[in-house]
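Visitor: Could you take me through this structure step by step? I would like to ask questions as we go.

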Amino acid sequence: MAKIFRYVGDDDDAKDVLQDTFIKALTMIDNFAWAGEGSLQAWLTRIAVNTSLNFLRSRKRLSPLNVDTLDDPPDLAEEPTATEVNSLDASTILAMVAELPDGYRTVFNLYCLDGYSHKEIAEQLGINEKSSSSQLVRAKTLLAHKIKKYINENNIDTYYEQQHE
């Protein structure tokens, strides 16, 4: 569910995609080949990612056109430090990832969290490798902007420093 949510960015949509994932898995169970520990998880994950991408395409939220033509993220005056980022809990960061535009979020998830290459992403999304790379840079920049804004608005760095003195 968490992986699907990272792609679709909406709890209700993620539940629908999860259901579709299990239906596909059950109807395709004859195609599964045991290859050792973790192979079932890898197989189900692949189905979940593909089902998520198909969902985004069906809703016209993911197409070569809208992945390639997203606006540039705002300029970032100062990137958050590693200490600042580490002071945030994972759920806060995942919520920020969920807020990224669909194209940014999808490329970010595929590359950073699921380990796909830009070539594989380009094939999956029907874009060229340079578009995948530029979307990743834009996603990271926008995510850094969101993190820095959150930290500044919530005085996180001050709180974190006080807790570790």
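**A conversation about the helices and their contacts**

Guide: Let us begin with Lys140, which is found in helix H9 (residues 129-154). Please note that this is a predicted model.

Visitor: Is Lys140 buried, exposed or partly exposed?

Guide: Lys140 counts as partly exposed, because its relative accessibility is 42%.

Visitor: Which residues is Lys140 in contact with, leaving aside neighbours within four places in sequence?

Guide: With those neighbours set aside, Lys140 is in contact with Phe108 and Cys112.

Visitor: Stepping back, how many helices and strands does the protein chain have?

Guide: The protein chain has 10 helices and 0 strands. Its pattern along the sequence reads α-α-α-α-α-α-α-α-α-α.

Visitor: And what share of the residues is buried?

Guide: Of the 165 residues in the protein chain, 36% are buried. As for contacts between residues at least 6 apart in sequence, 71% of them join residues at least 24 apart.

Visitor: Let us turn to H7. How many residues does H7 have, and what distance does H7 reach from its first C-alpha to its last?

Guide: H7 has 12 residues and reaches 15 Å between those two atoms. That is close to the 16 Å expected at 1.5 Å a residue.

Visitor: Is H7 mostly covered or mostly uncovered?

Guide: Mostly covered: 9 of the 12 residues in H7 are buried. The buried residues are Asp102, Gly103, Tyr104, Arg105, Thr106, Val107, Phe108, Asn109 and Leu110.

Visitor: What comes just after H7?

Guide: Gly115 is found there, with a positive phi of about 75 degrees.

Visitor: How do H7 and H8 cross?

Guide: Their axes come within 10 Å and cross at roughly 140 degrees. That angle makes H7 oblique to H8. The crossing of H7 and H8 is right-handed.

Visitor: Which residues meet there?

Guide: On the H7 side they are Thr106, Val107, Leu110 and Tyr111. On the H8 side they are His118, Ile121 and Leu125.

Visitor: What about H3 and H7: at what angle do they pack?

Guide: H3 and H7 pack at about 165 degrees, and their axes are 12 Å apart. The two helices are therefore roughly antiparallel to each other. Their crossing is left-handed. H3 contributes Val49, Leu53 and Leu56 to the contact, and H7 contributes Asp102, Arg105, Thr106 and Leu110.

Visitor: New topic: salt bridges. What is the count?

Guide: The count comes to 7 salt bridges. One of them joins the side chains of Asp114 and Arg6, at 3.1 Å from N to O.

Visitor: Why does the pair of Asp114 and Arg6 tie together parts that are apart in sequence?

Guide: Asp114 lies in the loop between helix H7 (102-113) and helix H8 (118-125), whereas Arg6 lies in helix H1 (residues 2-8), so the pair ties together parts that are 108 residues apart in sequence. Arg6 is buried, with a relative accessible area of 14%.

Visitor: Where do Asp11 and Lys15 lie?

Guide: Both lie in helix H2 (residues 11-27), 4 residues apart, which is about one turn of the helix. An α-helix has 3.6 residues a turn, so residues three or four places apart point the same way. Asp11 is partly exposed at 39% relative accessibility, and Lys15 is partly exposed with a relative accessible area of 46%.

Visitor: And which residue does Asp13 meet in a salt bridge?

Guide: The side chain of Asp13 meets that of Arg59, at 3.9 Å from N to O. Asp13 lies in helix H2 and Arg59 in the loop between helix H3 (39-58) and helix H4 (64-68), so this pair ties together parts that are 46 residues apart in sequence. Asp13 counts as buried at 13% relative accessibility, whereas Arg59 is partly exposed, with a relative accessible area of 45%.

Visitor: Which residues do salt bridges with shared partners join into one network?

Guide: That network consists of Lys3, Arg6 and Asp114.

Notes: Residues are numbered from 1 along each chain as its sequence is written. This is a predicted model: local features need pLDDT of at least 70, side-chain atom pairs count only at pLDDT 80 or more; totals for chains, interfaces and linings use all residues. Side-chain values use heavy atoms; hydrogens and water are left out. A salt bridge is a side-chain nitrogen of Lys or Arg within 4 Å of a carboxyl oxygen of Asp or Glu. Buried means under 20% relative accessible area, exposed over 50%, partly exposed in between (1.4 Å probe, protein chains only). The expected span of a helix is 1.5 Å times one less than its number of residues. Axes are lines fitted to C-alpha atoms, for helices over the stretch in contact, and angles run from 0 to 180 degrees between N-to-C directions. Angles under 35 degrees count as roughly parallel, over 145 as roughly antiparallel, 65 to 115 as roughly perpendicular and the rest as oblique. A crossing is left-handed if the near helix is turned anticlockwise from the far one by less than a right angle, and right-handed if clockwise. Contact means heavy atoms within 4.5 Å.
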